[in-house]
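Here are my notes for you on this model. Keep the structure open while you read, and find each piece as we get to it.

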Amino acid sequence: MKTIARSPGARLIVHNGARAMSYKIDLKGKVGFLRAVRSLVESCQFCRMAGVFVAGVADAQGFGWGIVKAFASAGATVIVGTWPPMYKKFLDMIDKGFGEDAILQDGSTLKIDKVYPFDGLYSTVEEVPESVKQHKHYVGLSGYDIKSVAEQVKKDYGKVDYLIHSLANGPEVEKPLLEVSRKGYLGASSSSAYSLIAMVQQFGPFMTSGGSAISISYIAAEKCVPGYGGGMSSAKAALESDTRVLAWEAGRKWGIRINCISAGPAKTRAANAIKKAKDGKPGFIDRTIQFYAANSPLAGRKLKTDDVGTSALALCSDMNAAVTGTILHVDLGMHTMGMAVDSVHIKDFISDHVGHPEWAPAELPEYAGK
């Protein structure tokens with residue numbers, strides 16, 4: 001916790017690691033100053049004692065983990081849903097500890113209150129095929145459909161303040177759209193988009209009025225991204241469209257907000273599944289990260305999962321109480337670009353007319369001097 005400013009009539013800034021708040025207040029001596037600080041500190045704990053359910057956490061690398069850390073740092077009770085094939089492994093990871101990946105902003109260690117097996121492909125237990133129930137990764141587990149998990153969370157906690165949808169799956173993600181089967185296309189949309197609808201249906205009735213739901217999208221929902229296959233671009237487009245409609249319906253019905261974060265590329269387990277590296281050549285995600293680093297307004301910077309985590313936290317906070325149905329781009333500004341500045345057709349022009357920014361790494365080819 002840091003406080004700045006002390007003179008009467010000054011602007012007081014309070015920063016608690018998750019957000020900064022600035023107020024113009026009349027400070028009357030030391031006692032008044034301390035009372036003001038105490039009041040503002042209490043108001044900053046917008047997530048204190050709140051509960052967040054994060055679906056789609058299976059390791060310490062994904063966006064879901066970044067969101068878990070951000071909410072935990074703000075004091076929320078964190079519960080997660082983990083894909084059944086990863087459930088036991090994830091529990092083992094928790095027992096062994098995540099090392100530095102679990103260290104929060106105040107130096108404490110992240111605590112996950114409870115982990116539920118969760119499969120977003122199934123809305124109810126009746127939808128789970130017998131072949132899945134008997135699969136080696138599912139044997140011994142039950143109640144992992146969305147409705148069953150929601151009922152158990154309600155039984156265990158009574159309410160949920162924040163709902164995070166951080167899951168996606170494209171069975172044929174390595175195939176271009178022209179080669180995707182109907183089954184693969186519908187599978188991608190079912191897992192990656194409809195699952196949000198099902199989650200809001202089941203969790204919405206016991207979410208706190210004023211609470212929020214967040215999902216994770218990608219720029220391929222808006223523009224063509226060659227290599228992002230399997231119908232996943234269509235699934236993300238549906239996810240963003242559903243965000244707007246759910247914002248209206250869930251807002252009117254339960255008073256909750258629905259927003260979406262369009263995240264830039266990060267080397268997560270899910271991203272590595274898209275056209276994996278072969279024969280020593282970088283895979284899709286490695287190339288995409290390099291492309292963003294070279295062409296985004298924030299040149300040379302790589303997106304961190306924590307960037308998405310803190311953005312999700314901010315969207316859920318009371319500071320954004322009037323924001324719903326929006327798509328927030330957390331992608332180093334890449335969505336604003338209409339040209340690849342490292343292209344052989346333009347990079348010399350960029351170098352001549354823009355020059356190399358002092359804060360950017362010298363090795364950026366698009367800004368290299370002659």
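The points below go through the sheet, some of its strands and then a few helices.

1. Before you start: this is a predicted model, in which local features need pLDDT of at least 70 and side-chain atom pairs count only at pLDDT 80 or more, while totals for chains, interfaces and linings use all residues. Residues are numbered from 1 along each chain as its sequence is written, and side-chain values use heavy atoms, with hydrogens and water left out.

2. Begin with the sheet. It is open, has seven strands with parallel pairing, and its order is β6-β5-β4-β7-β8-β9-β10. At the edges sit β6 (114-117) and β10, each pairing on one side only. On average, neighbouring strands here are turned by 20 degrees against each other, direction ignored. Helices (H or I, at least four residues) and strands (E, at least two) are DSSP runs, numbered from the N terminus, and two strands pair if DSSP finds at least two bridges between them.

3. Now pick out β4, residues 51-55. Five of its five residues are buried, so β4 is largely enclosed by the rest of the structure. Buried means under 20% relative accessible area, exposed means over 50%, and partly exposed is in between (1.4 Å probe, protein chains only). In a regular strand, side chains alternate between the two faces of the sheet. In β4, Gly-51, Phe-53 and Ala-55 point one way, Val-52 and Val-54 the other, and all are buried.

4. Who are the neighbours of β4? β4 pairs in the parallel sense with β5 (residues 77-82) over five bridges, and Val-54 has Val-80 as its bridge partner in β5. To get from β4 to β5 the chain goes through α2, and this β-α-β crossover is right-handed. (That is, with the strands pointing away from the viewer, the path from the first strand over the helix to the second runs clockwise.) β4 also pairs in the parallel sense with β7 (residues 160-165), over four bridges, where Ala-55 stands opposite His-165.

5. Move along to β9, residues 257-263: seven of its seven residues are buried. Arg-257, Asn-259, Ile-261 and Ala-263 are on one side, with Ile-258, Cys-260 and Ser-262 on the other. β9 pairs in the parallel sense with β8 (residues 207-217) over six bridges; Ser-212 has Arg-257 as its bridge partner, and Ser-215 stands opposite Cys-260. Four bridges join β9 to β10 (residues 327-330), again parallel, and there Ser-262 has His-329 as its partner. Together, β8, helix α7 (residues 232-254) and β9 make a right-handed β-α-β unit.

6. The axes of α2 (residues 63-73) and α10 (residues 305-316) come within 7 Å and cross at roughly 55 degrees. That makes α2 oblique to α10. Val-308 lies in α10 and is buried, with a relative accessible area of 0%. Axes are lines fitted to C-alpha atoms, for helices over the stretch in contact, and angles run from 0 to 180 degrees between N-to-C directions.

7. Last, have a look at α9 (residues 284-295). Nine of its twelve residues are buried, so α9 is largely enclosed by the rest of the structure; among them are Phe-284, Ile-289 and Tyr-292.

Definitions and conventions:
Parallel < 35°, antiparallel > 145°, perpendicular 65-115°, else oblique.
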